[in-house]
Amino acid sequence: MPPTIIRDLSDTSGYWAAVWTMCCMPDVHVICDAPIGCFNLVATAVPDYTDAIPHIENITPSVMTEQEVGGQGTALAVRRTYEQLRDTGALEGKRLIVVSTAESEMIGSDLSDLVKQLGEGTTFYYSNSLAEDEWAGRDRVLRWLWEHYGAAAQGMEDGGWGIENRHDDPSLNSQSPSPGMVNIIGPTYGCFNSPADLDELKRLIAGAGGTINMVYPFEAELADTPRLAAAQVNVVLFKEFGQGLAAELGQPTLLAPFGMRDTTTFIRELGRLLGTSAQAEAFIAHEKRTTLRAVWDLWRGPQGDWFGTTDIGIVAARAHADGLKRFLGDELGMPIAFISGRPRRADEPDNEALRQQLHKKAPAFVFGSINEKIYLSEAGAKYTSFIPAAFPGPVVRRAVGTPFLGYRGAVYIVQEIVNRLYEALFNFLPVDSAYAKGAGAAAGAPAANGAGNLPWQPAAKELLDAALEQLPFIPRISASRQLQMQVEAA
């Protein structure tokens, strides 16, 4: 059976997932058992054009060389790296975690015994980089962090890593859930739009009557990991990872909501679990009068006629892909041309199938990554609006005003779509006068020379109609006139 060729790989590996999850926490230092070039990519290059993080400071490569690859193994290189970090004071107040990479795994390096000889508390994490994608990798590393630094540390008196030693407030030292406390699990480096989505999720939790216990790992320290047990409810920000940790914590778990209906259901359920149903209902009523008024006004306006004829393609991480489909398709009635999530389900198109579909007929809107943007450029799909919705891609989303989830996410997405529909109309206004004067030639089109009144045979008209069928609905009238004039001028 011939191998499957993967075009334009969309996901990173379990190693990248480990680095982007662990290095969020300032009291961690990671030694990646890797050549220096691989370290530069995950720690510097990619975060710079996604999260706008110039450099992840708490990671150091072991700098594998030909000697290690040739049979010596990487233990000496890792030990040398550890000693340099120790001697320069870089490990003060931090826990050291040694992480495998694809390169070290290919030569069979296992540092489980070595880490016992290094600084107290040093651990080894096998990232399974060769076999695990970033979604499974993030889920597994979150569970591993809880196992090694959460559950194992509860009740310990080991110089600050037990929950009772981290805080003076005795109420936080209890290992049983505290009423009203909520964990948000999942935001890490390299997750599209996480600052804005996280900010909206915090707002919804507060509106329902909850108090944030921890945002793990994005706003946490590794030493705080045992405090995860203090929450009454866990909310998983991205459904593609994080549910494994939530299940191990054992408390009720909710997924972050997308769209108006899901958000209302989420707030009501959270209020029920926390015993704050009255506050949750009051918040929902207030949001309908304020935040959601923009959606209602756009729906009632003349723009509302466009939703039913404006088709959408969606390629994004699982939470965003499913959330956009439910909101745009189920709630607003927009036709969904295709959807492909990450991780991808078996019945969803892969990158090559997406490329072929966009070349054949691109929808009016594509939510996607740089891969889909490239395919649209290849296809010359100038009538399609592209909206960033996933990594990889050179797009920075650090502002908190661009959420996709929650009530504010519903407003932001509808606003983006309506504005781009206006732009489409503006760009394809009738151009009869311009062509009549020959101005179209400046844009690469031939002068009209009286075009626009020639008779068309039925076969020619069928070809014109077939070409227009490949275009989104709204610009067809202007595109039809423009194409007809260009053909007649030729």
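Where is N128 found?

Tutor: N128 is found in the loop between β4 and α6, where helices (DSSP H or I, at least four residues) and strands (E, at least two) are numbered from the N terminus. This is a predicted model, in which local features need pLDDT of at least 70 and side-chain atom pairs count only at pLDDT 80 or more, whereas totals for chains, interfaces and linings use all residues. Residues are numbered from 1 along each chain as its sequence is written, and side-chain values use heavy atoms, with hydrogens and water left out.

Most residues other than glycine have a negative phi, and most peptide bonds are trans. N128 counts as partly exposed because its relative accessibility is 24%; buried means under 20% relative accessible area, exposed over 50%, and partly exposed in between, with a 1.4 Å probe and protein chains only. N193 also has a positive phi, near 65 degrees, and is found in the loop between β5 (181-185) and α8 (194-207), but N193 is buried, with a relative accessible area of 1%.

Leaving aside residues up to four places away in sequence, S13 touches S129, E132, D133 and E134, a contact being heavy atoms within 4.5 Å. With 13% relative accessibility, S13 counts as buried. In α1 itself, nine of the nine residues are buried, so the helix is largely enclosed by the rest of the structure. Those residues include Y15, W16 and W20, and the buried residues of α1 pack against β1 (28-32), α2, β2 (59-61), β3 (95-99), β4 (123-125) and α6.

Both α1 (14-22) and α6 (134-149) also take part in the largest pocket, as each supplies at least two residues of its lining, and so do α2 (36-49), β9 (312-317), β10 (336-342) and α14 (351-360). On a 1 Å grid over the protein atoms alone, a pocket is an open set of points where a 1.4 Å probe fits, with protein on both sides within 12 Å along at least five of seven lines, and lining residues have an atom within 4 Å of a point. About 950 Å³ of space lies in this pocket, the volume being the space filled by probe spheres set on points that are joined across faces, edges and corners. Its lining has 42 residues, of which L9, S10, D11, T12 and R342 lie nearest the centre. By class, 21 of the lining residues are nonpolar, 11 polar and 10 charged, where Ala, Val, Leu, Ile, Met, Phe, Trp, Tyr, Cys and Pro count as nonpolar, Asp, Glu, Lys and Arg as charged, and the others, Gly among them, as polar.

R342 brings several features together. Its side chain meets that of E372 in a salt bridge at 3.8 Å, N to O, a salt bridge being a side-chain nitrogen of Lys or Arg within 4 Å of a carboxyl oxygen of Asp or Glu. Because E372 lies in helix α15 (residues 370-379) and R342 in strand β10, the pair ties together parts that are 30 residues apart in sequence. E372 is buried, and so is R342. The peptide bond from R342 to P343 is cis, with omega near 5 degrees, and P343 lies in the loop between β10 and α14. Another cis peptide bond, with omega about 5 degrees, joins Y216 and P217, and P217 is placed in the loop between β6 (211-216) and β7 (233-236).

A search of the whole structure finds 25 salt bridges. R7, D8, E352, R355 and E378 are linked in a network of them. The buried pair of E372 and R342 can be set beside K116 and D113, whose side chains meet at 3.9 Å, N to O, and which are both exposed. D87 and R86 meet at 3.0 Å, N to O; here D87 is exposed, with a relative accessible area of 58%, whereas R86, at 42%, counts as partly exposed.
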